[in-house]
Amino acid sequence: MMKKNRFFDKFIVALVELIVYFYIMIFFRVESVWILIITVILLGVIFYLSKKFKKTFELINDSFTKNSKFATFLIVILMIAFPFVSKLIVPLYIYWLLITIQTFIFAIVALGLNFQAGTTGVMNLSSAAFYGVGAYTAGYLALHYKLPAILTIPLGGIAASIFGLLLFIPIFRARGQYFALITLAFGYMFVLSLNNLNFVGGPQGLKNIPPINLFGYNFQKAPFGTHFYVNYYYLVLIILLIALLIFQRLYNSWIGLTLNYIRDDEPAAKGCGVSTNKWKLMTLLIGNFFMGIGGAIYAHMIGFISPPNFTLTISLLIISIVLLGGSDNIIGVLVGAFILVLIPEKLRVITEYRVMLYGLLIVLILIFRPKGLIPFKERIYDKVIAKEN
Amino acid sequence: MSGFAVILQILFNGIMLGIQYSMIAVGFTLFRGVLNVLNFSHGDVFMVGAFISMTLMGAFGVMSAAGLSYIGLIIVIFILSMILLGIIGVIFERLAVKPVSKGPVTMSLLATLGLGIAIREAVRLFYPRGGESKKFPELFHKLFEGTKGAFEFSGVIFRYENILFLIIGVAVVLILAFFINKTKMGLAIRAVAQDAECALMMGVNKDFIIDLTFFIGSALAALAAILYGLYYNTIVFDMGALMGVIGLSAAVVGGLGNIYGAIIGGFVFSLTEALSAALIPRGSEFMDVVAFAVVILFLIFRPSGILGEKVFERV
């Protein structure tokens with residue numbers, strides 16, 4: 001293989017990222033459904049080409065792995081520029097900004113679930129309930145106690161963790177399917193209770209939740225002649241990046257390895273002296289914290305929450321995000337959120353059929369591609385061994 | 001009302017619900033026996049059953065024109081809905097449940113949850129005005145036309161219709177128990193449940209037995225659906241979701257894999273509901289919450305259920 005210089009590698013990385021970025025912009029801009037069909041065809045062509053010209057694609061892949069820091073840096077810059085670039089290109093950019101924010105919120109929640117279900121293998125089927133705990137806590141505290149958002153958002157996360165603690169500590173005796181069943185029952189109990197408890201508004205939910213006001217900066221104000229969603233966009237982006245950083249670090253550390261061990265063989269892990277319950281509880285608390293934070297931001301941004309936002313259907317949406325991308329795969333979660341939250345907005349025609357398609361999608365993934373679109377890679381610690389293989 | 005009457009009323013309400021829950025729970029237990037799945041779509045299959053029988057009753061006029069007597073009509077509706085739903089259950093099993101049954105149980109739970117949502121939404125979208133709640137037609141009203149339709153016993157009113165439900169429920173349980181315990185087919189089902197490979201070696205057609213089990217389970221769900229419709233008079237497209245969780249919880253409380261356990265579990269769940277509806281202030285709103293809390297307690301302290309055997313973790 002020829003010797004490439006670093007600059008060439010970086011050029012390739014930047015080129016690929018910019019092409020994808022502006023393709024997404026065009027995707028937002030074009031109104032008709034055709035763009036989706038074209039996208040699918042394009043992806044098919046790329047997939048075919050990647051089989052045909054393996055060398056070239058390996059080259060690209062290589063330059064990404066070599067310059068992963070540069071690649072990440074560039075993506076972050078592009079994301080920061082997103083509201084302003086999209087304002088230039090996309091006429092309906094406010095709408096797409098909102099959709100992007102929702103995608104990010106679901107990505108945060110799904111990262112939390114991925115840590116629980118993907119990395120540690122504790123199947124939590126009530127993610128929407130914890131998401132709801134965060135939303136209701138933040139909304140209630142902001143409405144009735146006039147707490148500022150700097151407090152309500154972390155408190156939403158903490159409340160989700162505390163609820164998790166109350167639910168999960170007693171049920172650690174239950175394993176696998178029973179654990180899943182209990183969390184499912186909890187999801188139902190949560191929605192049933194919300195519907196019947198008056199202090200959280202019953203079926204009407206909480207209305208007029210005040211918008212975020214950070215250190216005197218009102219999020220309802222539009223910066224630089226854009227729209228006030230831009231504020232929320234940056235907030236969610238920052239939290240998403242923090243979540244990504246934390247989960248990536250956890251995954252790569254010995255903690256991630258321990259958690260994978262618990263997922264793959266719990267009795268063996270116990271036999272090796274891993275206190276499985278402690279680790280599982282930690283996973284659940286961290287995961288729940290991020291679910292709660294996602295809910296809290298959602299409550300502040302939309303200003304209105306009600307029980308239907310937190311039903312089992314939403315839990316299944318979050319689970320399908322994790323499964324579609326590939327469980328225990330952080331990039332996969334982002335891809336899953338993008339496909340399942342953002343793309344359906346393009347298909348206004350099928351809004352009615354969306355929930356049905358989610359259901360079918362879960363079944364189809366589990367039958368035909370149980371490891372998801374981007375299956376997780378084996379951990380490789382020794383680079384020399386990796387090369388020999 | 002005297003204290004005795006209150007207790008009687010609670011018991012009777014609980015039993016009426018318990019019959020329906022047990023029939024769903026039996027399905028879960030049967031499926032869990034022959035395939036290693038918790039088939040969550042069962043609740044929605046139950047809902048489809050309610051819609052099928054309602055549609056069949058809509059064709060009442062056509063059928064009576066074909067010269068069927070009133071009793072004949074009732075029997076035709078019961079049997080036809082059971083057979084139709086049985087076939088539908090087998091189709092779902094072939095398409096989606098069996099393919100995922102080889103993976104871990106939680107995965108199959110997830111897959112069948114997805115299947116259930118797909119079924120529910122399909123009914124909402126494709127049944128004429130499927131999003132609204134439907135009035136379930138009466139079926140037995142002509143049977144008791146001359147009478148008052150009910151009798152009173154120490155202050156509690158029992159409707160003849162409900163007594164009939166009770167008889168049907170008991171009869172079905174007895175027939176099922178006979179079928180599972182005394183016939184060759186039942187023996188085959190039990191054999192597959194105990195050790196599928198060994199049963200295969202002994203010449204049991206495993207795939208056929210799985211189909212048969214799903215047929216029976218779904219047919220029972222159809223029966224439960226008719227009873228549900230006649231008891232509540234309304235059906236909705238999303239009633240199966242809650243019913244599925246209730247049925248599965250009942251099966252687990254009774255002990256998965258045990259038919260009598262499922263029946264007991266159904267009654268435990270329904271009596272908890274009836275008791276909390278009567279005894280707790282605003283209980284009727286929170287009865288499901290209380291019942292689920294009881295289920296969770298059961299799962300914590302006795303995960304193998306009332307009649308289940310203790311299961312050890314295999315390494």
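This note sets out several features of the structure in numbered points.

1. The model is predicted: local features need pLDDT of at least 70, side-chain atom pairs count only at pLDDT 80 or more, and totals for chains, interfaces and linings use all residues. Residues are numbered from 1 along each chain as its sequence is written, chains are lettered from A in the order in which they are written, and side-chain values use heavy atoms, without hydrogens and water.

2. Chain A is divided into domain 1 (1-91) and domain 2 (93-387), with bounds from an automatic or database domain assignment. The centres of these domains, taken over C-alpha atoms, are separated by 27 Å. In contact (heavy atoms within 4.5 Å) are 19 residues of domain 1 of chain A and 19 residues of domain 2 of chain A.

3. Helix α9 of chain B covers residues 206-232; helices are DSSP runs of H or I, at least four residues long, numbered from the N terminus. Its end C-alpha atoms are 38 Å apart, which agrees with the 39 Å that 27 residues should span at 1.5 Å a residue; the expected span is 1.5 Å times one less than the number of residues. Of its 27 residues, 21 are buried, so α9(B) is largely enclosed by the rest of the structure. Here buried means under 20% relative accessible area, exposed over 50%, and partly exposed in between (1.4 Å probe, protein chains only). Just after α9(B), Asn233(B) takes a positive phi of about 70°.

4. A salt bridge (a side-chain nitrogen of Lys or Arg within 4 Å of a carboxyl oxygen of Asp or Glu) joins Asp207(B) to Lys98(B), with the closest N and O atoms 2.9 Å apart. Asp207(B) lies in helix α9 of chain B and Lys98(B) in helix α4 (residues 70-100) of chain B, so the pair ties together parts that are 109 residues apart in sequence. Asp207(B) is partly exposed at 41% relative accessibility, whereas Lys98(B) is buried at 16%.

5. Asp264(A) is exposed, with 56% relative accessibility, while Asp328(A) is buried at 5%.

6. Glu121(B), in helix α5 (residues 105-126) of chain B, is buried at 8% relative accessibility. Leaving aside neighbours within four places in sequence, the contacts of Glu121(B) include Glu352(A), Val355(A) and Met356(A).

How values were computed. Helix = DSSP H or I, 4+ residues; strand = E, 2+ residues; numbered from the N terminus.
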